[in-house]
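Here is a briefing for a reader new to this structure. Look over the sequence and the model, then read on.

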Amino acid sequence: MNRLNRSAQESLSTSQPVENAQNHDMEKPTNDSHDHGKSAHPHVHSEESLRKIVNRLSRIEGHIRGIKTMVQHDSPCPDVLLQIAAVRGALDKVARIILDEHLTECIVRAAQEGNMEVELAQLKAALDRFLP
């Protein structure tokens with residue numbers, strides 16, 4: 001077993017299991033909003049937008065399971081790294097979709113409601129954590 005596979009095996013055996021998103025209680029509130037912590041407004045996702053984001057994340061989840069299988073079956077490290085890069089790209093795409101929706105919906109709404117300072121401060125804080 002090569003070093004990548006041994007490290008991954010050890011990591012997998014010691015890590016906590018990740019909840020399956022399909023089994024997680026994800027009842028949608030009846031008003032189609034969810035809490036953003038200290039956000040100045042409820043965030044509203046359209047049904048189509050929510051479906052697209054969840055579908056993309058489900059595909060990424062499957063891709064990650066595929067990478068795990070590759071590692072368990074001693075796939076060549078360059079192949080594993082290539083697949084990890086593909087997952088990173090897919091996650092970046094989801095982040096761009098969410099950011100675009102936030103800018104076109106939440107920031108516009110905050111401007112209309114006079115909450116721009118709070119909303120921009122929260123966006124800047126989130127971007128500081130998100131961007132390298």
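**Helix packing at a glance**

Helices α2 and α3 are roughly antiparallel to each other; angles under 35 degrees count as roughly parallel, over 145 as roughly antiparallel, 65 to 115 as roughly perpendicular and the rest as oblique. This is a predicted model: local features need pLDDT of at least 70, side-chain atom pairs count only at pLDDT 80 or more, and totals for chains, interfaces and linings use all residues. Residues are numbered from 1 along each chain as its sequence is written, and side-chain values use heavy atoms, with hydrogens and water left out.

**Overall make-up**

- The protein chain has four helices and two strands. Helices (H or I, at least four residues) and strands (E, at least two) are DSSP runs, numbered from the N terminus.
- Read from the N terminus, the order of elements is α-β-β-α-α-α.
- The protein chain has 132 residues, and 20% of them count as buried. Buried means under 20% relative accessible area, exposed over 50%, and partly exposed in between (1.4 Å probe, protein chains only).
- Take the contacts in the protein chain with a separation of 6 or more: residues 24 or more positions apart account for 59% of them. Contact means heavy atoms within 4.5 Å.

**Helices α2 and α3**

- Helix α3 covers residues 77-113, and α2 packs against α3 at an angle of about 165°, with the axes 10 Å apart. Axes are lines fitted to C-alpha atoms, for helices over the stretch in contact, and angles run from 0 to 180 degrees between N-to-C directions.
- The α2 and α3 crossing is left-handed. A crossing is left-handed if the near helix is turned anticlockwise from the far one by less than a right angle, and right-handed if clockwise.
- S49 sits in helix α2, which spans residues 47-72. S49 is buried, at 13% relative accessibility.
- S49 and E101 are 52 residues apart in sequence, yet their C-alpha atoms are 8.7 Å apart in space.
- D79 belongs to helix α3. D79 is partly exposed, at 37% relative accessibility.
- D79 and I67 are 12 residues apart along the chain, with 9.3 Å between their C-alpha atoms.

**The loop between α2 and α3**

- D74 is found in this loop.
- The phi of D74 is near 55°, a positive value in a residue other than glycine. Most residues other than glycine have a negative phi.
- D74 counts as partly exposed, at 41% relative accessibility.

**Helices α3 and α4**

- Helix α4 covers residues 116-130; the axes of α3 and α4 come within 9 Å and cross at roughly 165°. The two helices α3 and α4 are therefore roughly antiparallel to each other.
- The contact involves residues of α3 including L99, L103, C106 and I107, and residues of α4 including M116, L120, L123 and F130.
- α3 passes α4 in a left-handed crossing.

**Cysteines**

- The structure holds zero disulfides. A disulfide is a pair of cysteine sulfur atoms within 2.5 Å.
- C77 is partly exposed, with a relative accessible area of 27%.
- C106 is buried, at 1% relative accessibility.
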